[in-house]
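Welcome! Please take a look at the structure below, and then we can walk through some of its parts together.

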Amino acid sequence: MTDLVVRPLNAGEEHLFLSLSAPATVGMAWAGRDYLETVKAAQYRPEWTWVALRGGEVVGRAAWWGGPADQRPLSLDWFDFGTDVEVGAALLRAAPFTVDYCLVLPPGWREDPEVRAAADLRVAAATRAGMEPLVERLNYLWTPAAGLPQRQGRLEFRPEPDDEVILDVIRRTHDGTFDAHARAEMARGGVDASARDELEFLRWMPSPRTWWRLAFTGDGRLAGLAVPGRNQARPIIGYIGVVPEQRGHGYGYDLLAEATRILADAGAPEVGADTDIGNTPMAAAFARAGYPVVQKRVFLRHPS
């Protein structure tokens with residue numbers, strides 16, 4: 001059999017990436033992303049896009065995504081090959097990136113044998129390449145047709161311009177968090193590292209810093225943090241966090257409602273959001289606020 005050749009694309013070789021015939025059952029192809037438009041937006045780049053070739057024919061492809069100003073990719077989110085798991089694993093082992101793999105899936109992916117088989121193949125290849133399953137997340141999309149979530153009037157929301165204050169609040173909300181990414185960062189470097197990583201993401205978003213809100217109870221005690229934002233694709237709920245001493249009152253919904261309304265007031269035609277599949281309080285808040293699940297996302301991560 002002809003040896004497998006794995007390499008990044010050269011400039012102008014986008015046709016190689018598109019030459020692989022792969023059913024759009026999972027991943028960004030299923031989600032409807034236009035590869036060439038994403039290339040034009042400088043979110044996929046030749047050096048971040050790798051192909052596996054056998055006899056000059058593309059048998060596997062992987063595209064790592066990042067913002068147009070980023071110096072390195074932030075995630076792997078387009079990954080296709082046939083049925084040979086070793087081809088996929090070889091492709092991932094050859095590339096020099098150690099960021100998370102985000103596998104985008106239909107909401108009912110486990111109930112469709114074809115979709116589940118495609119997902120399982122990709123997870124198997126990533127695992128063979130040395131990655132480890134991290135978490136499955138629910139992805140939501142609010143639209144005005146759902147109506148604005150109602151404010152409860154229980155909390156007072158205030159802007160806070162000082163990033164050090166925000167950082168301290170994030171530290172507090174990470175205590176006992178359900179979020180697997182935050183827990184993984186805490187395991188690697190402690191709560192300060194996880195909080196700084198969260199703040200770095202919030203500052204990375206190309207959206208107004210003035211949207212961020214701290215929430216306080218009627219007697220002036222801190223309840224949590226709500227950060228509406230925008231990523232490279234659309235408005236999103238960037239962060240919702242309730243401090244430990246205020247949990248159990250359903251304040252996650254109040255924070256979500258406020259963030260949604262800030263984005264709606266700014267003209268957002270839709271709002272995306274995510275939460276871990278095991279975060280049942282936040283999932284309940286999203287359901288109450290009119291956010292249906294539109295995708296599931298399985299994350300795999302390189303070990304520490």
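**Helix α7 and what covers it**

The buried residues of α7 are covered by elements that include β6 (132–142), α6 (163–174), α8 (191–204), β11 (271–276) and β12 (293–301). Here helices (H or I, at least four residues) and strands (E, at least two) are DSSP runs, numbered from the N terminus. This is a predicted model, in which local features need pLDDT of at least 70 and side-chain atom pairs count only at pLDDT 80 or more, while totals for chains, interfaces and linings use all residues. Residues are numbered from 1 along each chain as its sequence is written, and side-chain values use heavy atoms, with hydrogens and water left out.

- In helix α7 (residues 180–189), the buried residues are A180, H181, A182, A184 and E185; buried means under 20% relative accessible area, exposed over 50%, and partly exposed in between (1.4 Å probe, protein chains only).
- Where α7 starts, a side-chain oxygen of D179 comes to within 3.1 Å of the backbone nitrogen of H181.
- Just after α7 you will find G190, with a positive phi of about 95 degrees.

**Helix α4**

- Helix α4 (residues 85–94) is largely enclosed by the rest of the structure, because seven of its ten residues are buried.
- Those buried residues of α4 are V85, V87, G88, A89, A90, L91 and L92.
- The cover over them includes β1 (4–8), β2, β3 (57–65), β4 (75–81) and α5.
- At the start of α4, a side-chain oxygen of D84 lies within 3.0 Å of the backbone nitrogen of E86.

- A42 sits in the loop between α3 (35–40) and β2 (49–54).
- Although A42 is not a glycine, its phi is positive, at about 60 degrees.
- A42 counts as partly exposed because its relative accessibility is 27%.
- Q43 is also placed in the loop between α3 and β2, but Q43 counts as buried because its relative accessibility is 12%.
- Leaving aside neighbours within four places in sequence, Q43 is in contact (heavy atoms within 4.5 Å) with T38, W48, W64, W65, G66, P68 and Q232.

- L105 belongs to strand β5 (residues 101–105) and counts as buried because its relative accessibility is 0%.
- L105 and Q295 are 190 residues apart in sequence, yet their C-alpha atoms are 5.7 Å apart in space.
- Apart from neighbours within four places in sequence, L105 is in contact with V26, W30, A119, Q295, K296 and V298.
- E258 lies in helix α9 (residues 251–265) and counts as buried because its relative accessibility is 11%.
- Beyond neighbours within four places in sequence, E258 is in contact with R151 and F157.

**The second largest pocket**

- The second largest pocket holds about 180 Å³ of space.
- On a 1 Å grid over the protein atoms alone, a pocket is an open set of points where a 1.4 Å probe fits, with protein on both sides within 12 Å along at least five of seven lines; lining residues have an atom within 4 Å of a point.
- Among the residues lining this second largest pocket are L20, F81, E114 and R122.
- Helix α5 (residues 113–128) gives the largest share of the lining, four residues.

**From the record**

- An unreviewed UniProt entry lists residues 155–304 as "domain: N-acetyltransferase"; such annotations may be inferred rather than shown by experiment.
- In this model, the end C-alpha atoms of residues 155–304 lie 39 Å apart, and the span is 40% helix and 26% strand.

Notes:
Grid points are joined across faces, edges and corners, and a volume is the space filled by probe spheres set on the points. A polar contact is a pair of N or O atoms within 3.5 Å; within protein, one must be able to donate a hydrogen and the other to accept it, and residues adjacent in sequence count only if both atoms are side-chain atoms.
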